[in-house]
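Hello,

Here is the structure for you to look at. My notes follow below it.

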There are 2 protein chains.
Amino acid sequence: MLDQARDRLAANGARLTPVRQRTLEILLESHRAMGAYEVLDRLAAEGFGRQPPVAYRALEFLVEHGLAHRLQRLNAFAACLHPGHDHAPAFLICRECDMLAELPAAPVRDALTELAAESGFQVERATIEALGLCPACADAARP
Amino acid sequence: MLDQARDRLAANGARLTPVRQRTLEILLESHRAMGAYEVLDRLAAEGFGRQPPVAYRALEFLVEHGLAHRLQRLNAFAACLHPGHDHAPAFLICRECDMLAELPAAPVRDALTELAAESGFQVERATIEALGLCPACADAARP
DNA sequence: TTTGACTTGTTATGATGTAACATGAATAAG
DNA sequence: CTTATTCATGTTACATCATAACAAGTCAAA
């Protein structure tokens, strides 16, 4: 896995330095979603730097090169535009103006639940969010 | 909209107090995704408390009662289990053990992109994450 | 009208993330 | 080989997001 990673990086002119490699190893070994500070603790314990940017930079690098993923958690709020029905919509968030749209996403959600069930995973809550351009900002961006 | 909200709450034995109502109004007026501290600034400027819990409590209340949504952002990392193909999988995250699974989600993603396109929204990146129980933890939970 | 549940506010702290700068290592140009 | 340049790593300091624990006030019902 590491050799494979090194090759991919070399092809892109990027290097798998010690911190980066160790960071990747830590993620691979854990097989879990890890917070940046958890990774940082491990790195620091092994003699690497103990300040947040050390971990964040290594992680960002791995994500940039397709060797790791960044997962999500809570961070912003918006009024529900269609209260009343028990709904769990998908969100469209404009990266320019932060405009928010809610999309009925029951089919998408059901597909996901079913797909997960095939591997024995019980979905309790699903997050479906898209980042992109709303019609207005897409128009404004066009010449 | 507010009357409707008040009715819904009354039916549940919950009250739309001034802070809560104003918080909902702020979200509704903005039509955007807002950070909790942004909401807090508005509340404080209007004579409500100026400490974080004031906003977080009101927001949490609205979310609990289906009047607002909580959106997401970056917060955790995991090794990519299938590097190489240009892929943007869905994630299954076990809430018990943080185990992570990647699911090929191209169909789900395409459905979302198409659905969004119907309202003129251009999807650039989509986040599909499910929280629930992995098979092992589901077994452990069973008696 | 007093009890008890709930609401609002506070202080304090924890958790997450980034900007800006100094130093050191690797690579490429001469 | 040596120098110049780029890239990596580490630091300090700070910005942003979130919650725990407690005190005081409000409201409805017994």
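Glu129(A) has Thr127(B) as its bridge partner in S4(B). That pair belongs to the pairing of strand S4 (residues 122-133) of chain A with strand S4 (residues 122-133) of chain B; the two run antiparallel and are joined by 11 bridges. Strands here are DSSP runs of E with at least two residues, numbered from the N terminus, and two strands pair if DSSP finds at least two bridges between them.

The model is predicted: local features need pLDDT of at least 70 and side-chain atom pairs pLDDT 80 or more, while totals for chains, interfaces and linings use all residues. Residues are numbered from 1 along each chain as its sequence is written, chains are lettered from A in the order in which they are written, and side-chain values use heavy atoms, without hydrogens and water.

Chain B is superposed on chain A by a rotation of 180° with 0.0 Å of shift along the axis, at an RMSD of 0.1 Å (least squares on C-alpha atoms of residues with pLDDT of at least 70 in both copies). This is the relation of a two-fold axis. The same surface serves both copies, as 100% of the contact residues of chain B recur in chain A.

Each chain gives 71 residues to the contact (heavy atoms within 4.5 Å). On the side of chain B that touches chain A, 46 are nonpolar, 14 polar and 11 charged, where Ala, Val, Leu, Ile, Met, Phe, Trp, Tyr, Cys and Pro count as nonpolar, Asp, Glu, Lys and Arg as charged, and the others, Gly among them, as polar.

Regards

Key
Helices (H or I, at least four residues) and strands (E, at least two) are DSSP runs, numbered from the N terminus.
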